[in-house]
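Subject: Structure handover

Hello,

I am passing on the structure below, followed by notes on what turned up in it. Please read the notes with the structure open.

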Amino acid sequence: VILDGRERVKDYITSYSPPGMVTLIASSVHPAVWRAVQSRPYRAFHTFADVGVTAVGGGPTVGLRAIVLGHILGYRTILLHGFDSSSDGPTGFQQTLHVYGDRPDHKIDQIVEVHQRQFMTNAELIQQAQNFYPTVDLVERDGTSVYLCGHGLLPTMVQGDNDPSALWGLS
């Protein structure tokens with residue numbers, strides 16, 4: 001699922017997407033991303049509503065939109081891996097900013113605590129955790145089961161049924 005509108009996302013398609021895999025792509029991506037996907041199977045979706053257009057909602061992150069897209073496409077069991085809303089980061093992280101993956105624009109700059117465990121995260125990932133429950137409630141009301149695997153911030157919240165609005169930064 002591609003939601004990110006930046007040009008560099010075209011490299012994900014050519015580097016990480018197997019040739020026969022169907023790419024689900026937001027209509028609002030950069031033209032270079034559209035050119036990269038043209039030689040592969042894809043399905044487009046809209047992230048905004050307009051006259052005569054149905055938008056796919058689901059929150060501010062690609063992971064949340066992927067849950068809704070899976071439901072729309074008829075999947076009734078969704079298993080999420082790597083959906084932690086946090087980063088392991090370097091050992092001894094306290095006051096330092098570090099880069100999340102290869103994305104220098106996604107700084108991990110906050111520490112939050114859930115069930116007496118601390119997690120390194122950022123505002124975007126906290127927002128994902130806060131929007132997880134409403135998104136899952138939406139698809140579960142219509143018969144889709146969502147399962148979350150992992151040990152990060154979001155799985156810890158779900159395991160303890162923690163109120164996502166209670167997230168707070170410690171740094």
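Two rings of Phe, Tyr or Trp are taken as a pair if their centres lie within 6.5 Å. With that cut-off, ring pairs join F83, F132 and Y133 into a cluster. Please keep in mind that this is a predicted model.

Confidence

The chain has a mean pLDDT of 80, and 82% of its residues reach 70 or more. Two stretches call for caution. The pLDDT is below 50 over residues 90–101, a stretch with 25 contacts in the model beyond near neighbours in sequence. Over residues 164–171 the pLDDT is also below 50, and this stretch has 25 contacts in the model beyond near neighbours in sequence. Where pLDDT is low, the predicted coordinates should not be read in detail.

Aromatic pairs

The search of the whole structure gave four aromatic pairs. In one of them, the ring centres of F83 and F132 are 6.0 Å apart and the planes stand at 50°; planes under 30 degrees apart would count as stacked and over 60 as edge-to-face, so this pair is tilted. It links distant parts of the chain: F83 lies in the loop between β3 (77–80) and β4 (98–100), while F132 belongs to helix α4 (residues 123–140), 49 residues apart. Both F83 and F132 are buried.

F132 also pairs with Y133. Here the centres are 6.1 Å apart and the planes are at 75°, so the pair is edge-to-face. The relative accessible area of F132 is 5%, and this residue is buried. Y133, with a relative accessible area of 19%, is buried because the cut-off is under 20%.

Nonpolar cores

The largest nonpolar core has 19 residues, of which I67, L80, F83, F132, V146, L154 and M157 touch the most other members. Two or more residues each come from α3 (62–72), β3, β6 (110–114), α4, β8 (145–148) and α5 (153–159). The largest share, six residues, is given by α4. A second, separate core has 15 residues, including V9, I13, V33 and L69.

Apart from its neighbours within four places in sequence, V146 is in contact with I67, I78, L80, F132, V136, V139 and E140.

Strand β3

On β3, I78 and L80 make up the covered face, and T77 and L79 the uncovered one. β3 and β8 run parallel and are joined by four bridges. Opposite L79 stands Y147 of β8.

Salt bridges

The count of salt bridges comes to two. One is between the side chains of R6 and D4, at 2.5 Å from N to O. R6 is partly exposed, with 28% relative accessible area. The other is between the side chains of K10 and D11, at 3.8 Å from N to O; the cut-off for a salt bridge is within 4 Å. K10 is partly exposed at 27% relative accessibility, and D11 is partly exposed as well, with a relative accessible area of 38%.

Regards

How values were computed. Residues are numbered from 1 along each chain as its sequence is written. Side-chain values use heavy atoms; hydrogens and water are left out. Buried means under 20% relative accessible area, exposed over 50%, partly exposed in between (1.4 Å probe, protein chains only). pLDDT is the predictor's confidence in each residue, from 0 to 100. Contact means heavy atoms within 4.5 Å. A nonpolar core is a set of buried Ala, Val, Leu, Ile, Met, Phe, Trp, Tyr and Cys residues joined through side-chain atoms within 4.5 Å. Two strands pair if DSSP finds at least two bridges between them.
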